[in-house]
Amino acid sequence: MDSETAKPSKYERFKIETKPAPHVYQIPNKFDVSARKLRLAAMLVHEAFEFKLNKEVVLSRPCIYGVFGGRFGGFKPLKHKCVGCMRCVQEYPHIMTVKQSEEYKRLGDSFWTPEAVFTIWNEASTARIPVKGMGYKGAFGGKGFDGIWTDMSEIVRPTRDGVYGREYISTCVDIGGKLASVDFGKIDRSPLAVEVPVPIVFDELPTGDRSVREAVGIASKKLGTLFVSHDQTMGDLGRNLVPIVDENSFDESIEKKPAVVEYHAERSDLFEKLASRLPSSIVIARIPLREDTGTVACELAREGVHGLHLYADYHGQDYSKETKHVSASLKEVHQRLVKEGLRDQVTIIASGGITLAEHVPKAIICGADLVGIDTTVLVALQAEFQGETRDRANCQLKPKKIDPAWGAQRLVNLFGVWHDQLIEILSAMGMRDVRRMRGDIGRSMMDAELREQSFKGIAWAT
Ligand code: SF4
């Protein structure tokens, strides 16, 4: 992709082509369904008479999802079909037990909950928005992104209009700097910008697996988004590649003339070299989020960098001495840039800990223009958790052998379903353009702040 081809010549409604991409590796059953056999037998005898020995009816009741529809009915339930609606337990509490399976409870690590892993698997496989049903039974506040609520006060408008396409809501974002002022005496095409149709890119992955990279390359091309990587040997798939340039890969990158390049900000000499050798490219500095990132970001923006890729670890914690969540650090950097009058000169990409669809709008509300996803990609491709995934240099997610075409479809599905959920939130917030959401913390509520305001000074009885 280059800056010219990135701009569509005619109006086209953005659409993500999703289709089922079932799991290749078997996933554990979420629920463990069991029946007390003697009581079940007694009940079946009773029901056999009631339903005039109609085997199909007797063996399938009371589950409409077909869990008891196998050859042995409730004696050998088809556990993979159970959705946990609890109807069988409510109707036959003396016979049925339904609980979460032990295998399910072991999924993920200290950050990735079994629920989050399951959500990504199912989104990548079916491209459908997860429906919880039975009402929400969990907590309404929590840490990190769970402590941010969006203002849905515009929900009186039909929120499905955006999803079904009756109303167009733009999810396009520009990567690159904007002009601080216009000089009419000078015709100057800079600064450059590349437009991506969704505010999500693929960040560098903690694996060198060729098939995974190929899947990411194909998906980026189909989606019109970008993928960031040290590896530049992607052939035709590399057109959407954002190379991370260092001294070893400098000459190779210059030769390929990518539309967007990244470099590690501590290599301060690289910016000038890149800017002079690649005057038509967008240059982005990668910076770990920590206490001084606001100051570094302002310096880089003044030097003329077009974008900042701010990253936390894979659990969404920054690298400060007293670690903070990526959302809090991001807000600090964004507000510092706003205060210094530099915010519009740079694009902010945020990555680390973006693992669910709702994290995208929440990171944007905290000041990012767009986000990068990393371990989420591997989870969608059914990689195996072999320990903790937090450390960027030692992430314990091991990719399994995959077909790149299957992998690409899973990633397209994931983007499709995240895109739908983003549109749903934008609809409910009464916004027609995701760019309007950037840094709009006035349209969000922070759990910690509300607790402080509501309960400060009130003594708790112990
Ligand atoms: S919990 Fe619901 S889905 Fe699961 S077996 Fe019982 S009735 Fe069927």
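Predicted model: local features only at pLDDT ≥ 70, side-chain atom pairs only at ≥ 80, totals over all residues.

A: Axes here are lines fitted to C-alpha atoms, for helices over the stretch in contact, and the angles run from 0 to 180 degrees between N-to-C directions. On the side of α10 the contact is made by Thr293, Gly294, Thr295, Ala297, Cys298 and Ala301, while α11 contributes Val333, Arg336 and Leu337.

A second pair can be described in the same terms, since two packed helices are described by the angle between their axes and the distance between the axes. Helix α7 (residues 210-223) packs with helix α14 (residues 404-428) at an angle of about 50°, and their axes are 8 Å apart. This angle makes α7 and α14 oblique to each other, and α7 passes α14 in a right-handed crossing. The residues of α7 that make the contact are Ser211, Glu214, Ala215, Val216, Ile218, Ala219, Lys222 and Leu223, and those of α14 are Pro404, Gly407, Ala408, Gln409, Leu411, Val412 and Phe415. The contact of α7 with α14 divides into 10 nonpolar, 3 polar and 2 charged residues.

These pairs belong to a chain with 15 helices and 16 strands. Of its 462 residues, 51% are buried, and among the contacts with a separation of 6 or more, 66% are between residues 24 or more positions apart.

Among the strands, β7 (residues 227-229) contains Ser229, which counts as buried because its relative accessibility is 2%. A polar atom of the Ser229 side chain lies 3.0 Å from the backbone nitrogen of Asp231. Beyond residues up to four places away in sequence, Ser229 touches Glu204, Arg213, Leu241, Val242, Pro243 and Ile244.

Most residues other than glycine have a negative phi. Met86, in the loop between α2 (55-60) and α3 (87-91), has a positive phi, near 70°, and with 27% relative accessibility it counts as partly exposed. Ala127 is found in the loop between α5 (114-126) and β3 (148-150), and its phi is also positive, near 60°; its relative accessibility of 16% places Ala127 among the buried residues.

The loop between α2 and α3 also holds Val83, which at 44% relative accessibility is partly exposed. Leaving aside neighbours within four places in sequence, Val83 is in contact with Phe31 and Tyr65. Asn29 is 54 residues from Val83 along the chain, and the C-alpha atoms of Val83 and Asn29 are separated by 9.7 Å.

Notes: Residues numbered from 1 in each chain as written. Heavy atoms only, no water. Helix = DSSP H or I, 4+ residues; strand = E, 2+ residues; numbered from the N terminus. Buried < 20%, exposed > 50% of the residue type's maximum accessible area, 1.4 Å probe, protein only. Polar contact = N/O pair within 3.5 Å; in protein donor to acceptor, adjacent residues only side chain to side chain. Contact = heavy atoms within 4.5 Å. Parallel < 35°, antiparallel > 145°, perpendicular 65-115°, else oblique. Left-handed = near helix turned anticlockwise from the far one by under 90°. Nonpolar A, V, L, I, M, F, W, Y, C, P; charged D, E, K, R; others polar.
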